[in-house]
Every structure is written in C-alpha cells, then in structure tokens.
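I opened this notebook to record what I looked up in the model.

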Amino acid sequence: MTERTGDVALAKGIDLGGVVAMGLGTAVGVSIFSAIAPAAAIAGPAMLLSALVAALPMYLIAVSYAFLGSALPVSGASFAWPARFLSPHWGFFIGWARILANMGAMVVLALVMVRYGSMLVPLPVKPTMFLALLLALLLNLFGVHIAARAQKILLVGMLILFAIFVLWGGATAMELRHFEPMFPQGWHGMIAATPLLMGLFFGIEAATEAGAEVADSRRTIPLGIALSIGSATLLYLAVGFVALGVLGAPALGASQAPILDAAKQFMGPIATPLIVLAAVLSIGKSLNAMFAMFSRSLYAMGTAGMLPAAFARVHPRWKTPHVALLAVFAIGCAGLFLPMELTFLFLAVNIPNLLKYASICLSAARVTERHPEIYAAAAFRLAPGPMRFVSYAGALCALVLIFVGFEADWRPYALLIGWLAIGCVFRWAGHYRTSIRTR
C-alpha cells in the first residue's frame, strides 16, 4: 500500500466540527423527507421504535469505523482498509462497486433537491441537476477547508429550520391521541418498517474517507462519528415524533411530502418555503459531502495503482485531488442518463454501500486478530473479544440487509453484477499491461 505517500500532500483542513458536519450532513439528506411516510403506513406510531431498531446495525458498523479511523486514518478508507487487511482484489471491487453507488447517490440527491426547489419555482430538471453537481465540484475543488466550511454553514441552517419545525409543532399542534394504538400492526409491523429506515443512517462515517485531511485524526474521527450518529438519531426521533403527533399515522403514511404536510398544519403559508429551504440545505450538504467522499476513494485507488495514476494527483496550490474530483463530476453527469426512478436508484446506492460496510467490519476484525501493533495504536478500541464480536455482528447485519430489497426491484442487482464483471475485465487488463511492461 502506498497511499500514505500521497496523503502528505493533502492539507489537514477538517476539524471536529467538520467531521460532524460531514457525517451528520451526509446521513441527514433525502431519506428524512421521504422514508418516514411509508414507515408510518406500515408500523403506525411504532415507526419511532422502527427507527431505533434501524439504527442498531449502523451503531455496530460505526464502532468498526471509529476503531480503524483512530488507528489508521487514510484517504479513501473504504478502499484502503479492505485492500490492506482483506486483499487488494477485494479492496478494488469494493471501490469499483462504489463508483456505481456514488453515481446513483449523486443522481438521487440532485433529483430530489430539484423536485423540492420546483415547489417554489419551476425548474428544468436535468439542467438544474447539472448545475447542482457543478456547484458541488467548485466547493470541493479549491480546498477541503472550503468544502468543510460550506458543510458547516449548510448543516447549521438545516438544524435551525428543523428546530423551528420541532418546537413550533410540538408546542402548538401535537395531539397525543395520534399515538394510540402504538402498535396497530403489532410487533410484525414495527419490524417490517425497519428496512425502510436503514438509509437514514447511511453516510454517518463520511469523514473517514478523508481521514488524512482530518486534524488530530486519531482522536477527532471516533469522537466525530459518535457525535454524528447520536445527533442523527435524536433528530430523526424528534422530527418523526412531531410529524406523527400533528398528522397521525394514517395521514402521515399517505403523504407524498410528510414533513411539509405536517408543517402546513401549524405554519400556514410559510410552511412551503421553510420546508423547501430545509430540504434544499439538507440535500445540498449531502451532495457536497458526497464529492469529498467519492473523490478520496478514487484518489486512494489511483495512489495504489488500481486506477490510472492521474487520479492520485494533488493540486499544488489547492491541496485537493483535483483529477479525482473532476472524475466525480463527470460520473455524476453520466448518471443523468440513469432511470429517474427513486426505488431503482436507492437500491443501486444501498447494495454497494452495504458491501462496503461489511468489508470495513471484517477489516476491523482482521486488525484485532492479526495486527496487534495497529490495534494497540488505536485511540478508540474495545477489548479484543468485544471488538471481534461487534465487528462480525456489523458485517453480518450488512450482508443480511443486502438481500432485503431484492423483491422491490431486481434490476439494480443485475446492474451491479454487470458492473463488477466490467471491473474484472478492467482489473485483468491492468495486470496484463503490467506483466507486458515488466518482461
């Protein structure tokens, strides 16, 4: 592994606030504006407990990220750790699969952001999506400190707007009768709604992808992950509690824009601009963080020789992986030709992400078992036995969740298999070119 060579050129421009802004900012994006409605339709008020159950696998996975991030902070961690501790081939395929996942994620974020913005002003869909991708590129291209500062500003704005929703709605429009019965579909309904809410916590580990650019990373990364996932859990529960208390489970479950419909009950005409602004800020910061995460993965693969060396270039003035960032922008633009169906896109994003999570957990277990010097260097770690248990439990949860969405739409699974087949050809061609040069 040679990624440490390139890391020296990257500026350490992310502090604790930046780590939290990236993690919380990535996780709190599209899902909060969409997933709570179908979850309420299935589980009723027990949807709040479904959210807690959905958080448990991500808490397990977050322990592995915090452990490895405090022991071995690197850029492009989701590639670098599996490539080092599992196998280079496995690291490559995780990174390769995430190209497809991140393409889908950028399209989802840009599409939903444009749909919300169109509630105020009619917007041409794909040209506006292109402009959103271009703005995210510019925020990240000229220095990680600019991207981190923008992320903090967007996060603070979003939190203020959600606080207004929770406090105003909680004080004036809630009716406790809407929480009865708590389990209209029994415990089965609560469990059935859980997979819909898993995506609420995806991306909480975002800052580990830029680990080499985090100041005092061995302390900052685990603390930032803990603050991010804890804050996200409280935010989701507060927003869901108020939305349920205002609308009731039947109305909430039938809503196409649940938070907006709840806000209209007590905010009146200012609800639409306020919630649309919250959605644009929330989704915009997720898109901003996506550029930072994805570019570092491509950068790490380029540094390791698994993608062309140009991806490992760092701009001498801006100290950013500018070629990788331009590639992310190009990939996002190519994604504008994907089907604009959210179920398809969500699955195309979630399957590779879950593979990534399983790989990180297995990497954490491997470090605990076989690399005592790295384990000892971790600023955050459990005892060896619990560390192995949590790591393997997180990997198992991620692998099980991969198959949950097959009945909803099989096409993303077929797309991923085809994309991995192309990766096999690309990997073989790279080995072949190397063997020819060394003869």
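I looked up Phe92 and Phe93 and found both buried (under 20% relative accessible area; exposed is over 50%, partly exposed in between, with a 1.4 Å probe and protein chains only). The model is a predicted one, in which local features need pLDDT of at least 70 and side-chain atom pairs count only at pLDDT 80 or more, while totals for chains, interfaces and linings use all residues. Residues are numbered from 1 along each chain as its sequence is written, and side-chain values use heavy atoms, with hydrogens and water left out.

Aromatic rings. I took rings of Phe, Tyr and Trp (its six-membered ring) as paired if their centres lie within 6.5 Å, with planes under 30 degrees apart called stacked, over 60 edge-to-face and the rest tilted. By this rule I have 18 aromatic pairs. One of them joins Phe92 and Phe93, edge-to-face, with 5.2 Å from centre to centre and 75° between the planes. I then followed the cluster: Phe92 and Phe93 belong to one aromatic cluster together with Trp96, Trp419 and Phe426.

Charges over rings. I counted a charge as over a ring if NZ of Lys or CZ of Arg is within 6 Å of the ring centre and within 35 degrees of the ring normal. Arg427 has its charged end over the ring of Phe92, 5.4 Å from the centre. Arg381 lies over the face of Tyr375, 5.3 Å from the ring centre.

Backbone. I use helices as DSSP runs (H or I, at least four residues), numbered from the N terminus. The peptide bond from Glu180 to Pro181 is cis, with omega near -5°. Pro181 is in the loop between α8 (144-172) and α9 (186-197). Asp216 is not a glycine, yet has a positive phi of about 50°; I find Asp216 in the loop between α9 and α10 (217-247). Lys319, also other than glycine, has phi near 60° and lies in the loop between α13 and α14 (322-334). Lys319 counts as partly exposed because its relative accessibility is 34%.

Helix pair. I fitted axes to C-alpha atoms over the stretch in contact, with angles from 0 to 180 degrees between N-to-C directions. The axes of α12 (residues 258-267) and α13 (residues 271-303) come within 9 Å and cross at roughly 145°. The contact (heavy atoms within 4.5 Å) is made by Ile259, Leu260, Ala263, Lys264 and Met267 of α12 and by Ala271, Thr272, Leu274 and Ile275 of α13.

How values were computed: Helix = DSSP H or I, 4+ residues; strand = E, 2+ residues; numbered from the N terminus.
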